[in-house]
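Try each one yourself before you read the solution.

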Amino acid sequence: MNAACRFADLLCETFGADKKRGYGGHEIAELALVKLYDVTENKKYLELAAFFINARGTKPFYFDTERNITTDGKGYTYNQAHMPVREQREAVGHAVRGVYLYTGMADIAKRDTDEELYNACRHIWNNIVHKKLYITGGIGATADGEAFSFDYDLPNDLAYCETCASIGLCFFAQRMLSVAPLGEYGDVVERAKFCRRRATATAEKPT
């Protein structure tokens with residue numbers, strides 16, 4: 001715990017509205033910071049997680065600043081940094097990074113009672129579940145970028161569907177369930193966990 005707090009403290013000293021306005025290329029720090037806040041009740045960890053969420057995709061784009069260039073942000077869909085998260089309505093880019101980000105968004109929405117952020121989560125949730133989810137609970141259809149593809153592009157023979165992405169989807173569903181007790185969230189957890197487990201067991205069965 002002490003080691004974890006030291007790492008988190010360094011992040012808090014380095015990043016923030018009045019410090020370096022950066023955020024991770026691979027989202028997951030947000031989840032860890034929220035968990036650390038829940039354990040320690042130290043508000044700065046929650047505030048930094050919220051900063052990472054709210055800064056992502058805002059102009060000037062942080063990755064532009066790092067690279068000393070100016071872009072329209074479209075190249076940052078891979079790590080969901082192409083526009084502010086509150087304006088995002090579609091699951092795009094690297095599937096694991098995406099569901100980690102959406103989980104963090106739901107975490108912050110719950111703890112800050114942030115209806116706008118929750119609504120963004122709902123839009124993204126609906127896009128995943130109704131347009132980008134395999135019946136096996138898999139997401140991230142394409143190996144090109146290990147990513148979400150366009151709506152309804154769910155090929156059977158080329159499905160990438162990384163296990164990490166299904167785990168992240170369970171994280172997202174569980175957080176959404178903690179905000180609003182809707183059965184659809186639990187249904188997706190069951191599909192992602194049990195269908196994927198059955199598919200893996202079948203694939204590993206000796207012939």
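**Exercise 1.** Find what joins the side chains of Asp114 and Arg86, and work out which parts of the chain the pair ties together.

*Solution.* Start with the side chains: in this predicted model, Asp114 and Arg86 meet in a salt bridge, at 2.7 Å from N to O. Asp114 sits in the loop between α5 and α6, while Arg86 sits in the loop between α4 and α5, so the pair ties together parts 28 residues apart in sequence. Last, check burial: Asp114 has a relative accessible area of 16%, and since buried means under 20%, Asp114 is buried.

**Exercise 2.** Asp38 forms a salt bridge with Arg111; trace which helices it ties together and which network the pair belongs to.

*Solution.* Distance first: the closest N and O atoms of Asp38 and Arg111 are 2.8 Å apart. Asp38 lies in helix α2 and Arg111 in helix α5, so the bridge ties together parts 73 residues apart in sequence. As for accessibility, Asp38 is partly exposed at 40%, and Arg111 is partly exposed at 29%. Now zoom out: Asp38, Asp107, Arg111 and Arg175 are linked in a network of salt bridges. The whole structure holds 11 salt bridges.

**Exercise 3.** Describe how α1 packs against α2, from the axes down to the residues.

*Solution.* The axes of α1 (residues 2–14) and α2 (residues 29–40) come within 11 Å and cross at roughly 120 degrees. Angles of 65 to 115 degrees would count as roughly perpendicular and those over 145 as roughly antiparallel, so these two helices are oblique to each other. The crossing is left-handed. At residue level, Ala4, Cys5 and Ala8 of α1 meet Leu33, Leu36 and Thr40 of α2. Sort those contact residues by type and you get five nonpolar, one polar and no charged.

Technical notes:
Residues are numbered from 1 along each chain as its sequence is written. This is a predicted model: local features need pLDDT of at least 70, side-chain atom pairs count only at pLDDT 80 or more; totals for chains, interfaces and linings use all residues. Side-chain values use heavy atoms; hydrogens and water are left out. Axes are lines fitted to C-alpha atoms, for helices over the stretch in contact, and angles run from 0 to 180 degrees between N-to-C directions. Helices (H or I, at least four residues) and strands (E, at least two) are DSSP runs, numbered from the N terminus. Angles under 35 degrees count as roughly parallel, over 145 as roughly antiparallel, 65 to 115 as roughly perpendicular and the rest as oblique. A crossing is left-handed if the near helix is turned anticlockwise from the far one by less than a right angle, and right-handed if clockwise. Contact means heavy atoms within 4.5 Å. Ala, Val, Leu, Ile, Met, Phe, Trp, Tyr, Cys and Pro count as nonpolar, Asp, Glu, Lys and Arg as charged, and the others, Gly among them, as polar. A salt bridge is a side-chain nitrogen of Lys or Arg within 4 Å of a carboxyl oxygen of Asp or Glu. Buried means under 20% relative accessible area, exposed over 50%, partly exposed in between (1.4 Å probe, protein chains only).
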